[in-house]
Amino acid sequence: MKVPFLDIAAAHAELRGELDAAWNRVVDSAYFITGPELTAFEAAFAAYCGTRHCIGVGNGLDALSILLRAADIGEGDEVLVPSHTFIATWYAVTHVGATPVPVEINPTTYNLDPALIEQAITPRTRAIMPVHLYGQLAQMDEIRDIAQRHGLRVFEDAAQAVGATLHGERAGKFGDGAGFSFYPGKNLGALGDGGAIVTDDDELANRARTIRNYGSQKKYHHERIGYNTRLDELQAAFLHTKLATIDAWNDRRRKVATKYLDQLAGLDIVLPNVPAGHNPVWHLFVIRYSDRDCLRERLAEHGIETIIHYPIAPLQQPAYEHMDTQAAPLAEQTAAEVLSLPIGPHLTETQSDHVIATLKHILGV
Ligand SMILES: *Cc1c(COP(=O)(O)O)cnc(C)c1O
């Protein structure tokens, strides 16, 4: 039996009629950039997140970079980031000229460890950028408390967490602003690249909207240096269509995760920890195992595709070779041990059964 890591073709087969209609609507309109589809999606996505504003951009990395730029964070400033995350979190900080300062993570939630944040704060620290990694919100109560005490801003990297909640409130609602990614493999995926900023802050929203569009609000009038990074009409139309199913599809992921948590308990692997009050959307279901590479090979022999998120810690990347900062041993260990099991709204009961039976077989139960 073959178990693909994620079946994007099945997702689009389910919605094919609606996606075709969205495509036809945009092609017929002959209007492709910053038009009615974008406006409509932005309103719908802001409503979904419970925020006043949404600004559609070209990708998740740009969403995060623009947030920082809109907050005037740049040269000489420091932003606290998790030591274990996708590289984009760090790049966003680097792209605006600021310095990413790693804070180690909790080894079972994989999110920023709030107990380690304060010791990383210096007079140059301007913001904290927690990541809701793998689809579970960071410890936002603690993080917001610390930020408030030290006068720091909080920007959520919510790229993996569309629809995830803490105390019933959705990702995007916990910081001064949040960045989302609609990369095709994300829970709410475009048919190409896409991203969005959400915020309740009117001024931040206004600046972000200007920055994404050549620093301009009025055609050929440029108030500030900007980017060209707008969510295009086609992607906005596709995303608006897919937004209608996000809760149902996230629920299907939750069903798979509950089954994994239930039936893999007791095996010699570390399962993800979900603290009270959290309702993750399981962008990824990540286990830890000391001999990870061997386990991955054995699973592949049984037709099960797994992926490693992420095999190299940001600090160990050649791109950050120049950084002179404290080591992050927890991030390195995490990178060496994590393994993401197949999960998604279109994983069948038979497929998840096969994953569970194979793991039990390999780990000798
Ligand atoms: C995907 C992702 C991003 C960046 O999104 P892109 O759309 O690929 O630019 C940022 N942070 C995290 C944690 C991500 O997973």
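Buried residues are those with under 20% relative accessible area, exposed ones have over 50%, and partly exposed ones fall in between (1.4 Å probe, protein chains only). C294, with a relative accessible area of 37%, therefore ends up as partly exposed. The model here is a predicted one, in which local features need pLDDT of at least 70 and side-chain atom pairs count only at pLDDT 80 or more, while totals for chains, interfaces and linings use all residues. Residues are numbered from 1 along each chain as its sequence is written, and side-chain values use heavy atoms, with hydrogens and water left out.

An unreviewed UniProt entry puts the feature "modified residue: N6-(pyridoxal phosphate)lysine" at K186; UniProt positions follow the numbering used here, feature names are shortened, and annotations may be inferred rather than shown by experiment. K186 sits in the loop that links β8 (177-181) and β9 (195-199). Helices (H or I, at least four residues) and strands (E, at least two) are DSSP runs, numbered from the N terminus. K186 counts as buried because its relative accessibility is 15%. Setting aside neighbours within four places in sequence, K186 is in contact with A159, Q160, S181 and H283, where contact means heavy atoms within 4.5 Å.

Then there is the nonpolar interior. A nonpolar core is a set of buried Ala, Val, Leu, Ile, Met, Phe, Trp, Tyr and Cys residues joined through side-chain atoms within 4.5 Å. The largest one has 44 residues, and F45, I117, F180 and F182 touch the most other members. At least two residues of this core come from each of α3 (36-49), β3 (99-103), α6 (140-150), β8, β9 and α8 (233-243). The largest share, seven residues, is supplied by α3. As for I117, its contacts beyond four places in sequence are L80, V103, L112, I128, I143 and I146. A second, separate core has 35 residues, L271, I304, I343 and V355 among them.

From A196 to Q326 is 130 residues in sequence and 32 Å in space, C-alpha to C-alpha.

Finally, the cysteines. A disulfide is a covalent bond between the sulfur atoms of two cysteines; the cut-off is a pair of sulfur atoms within 2.5 Å. The structure holds zero disulfides. C54 is buried, at 3% relative accessible area, and its sulfur lies 7.1 Å from the closest cysteine sulfur, in C49, so the two are too far apart for a bond.
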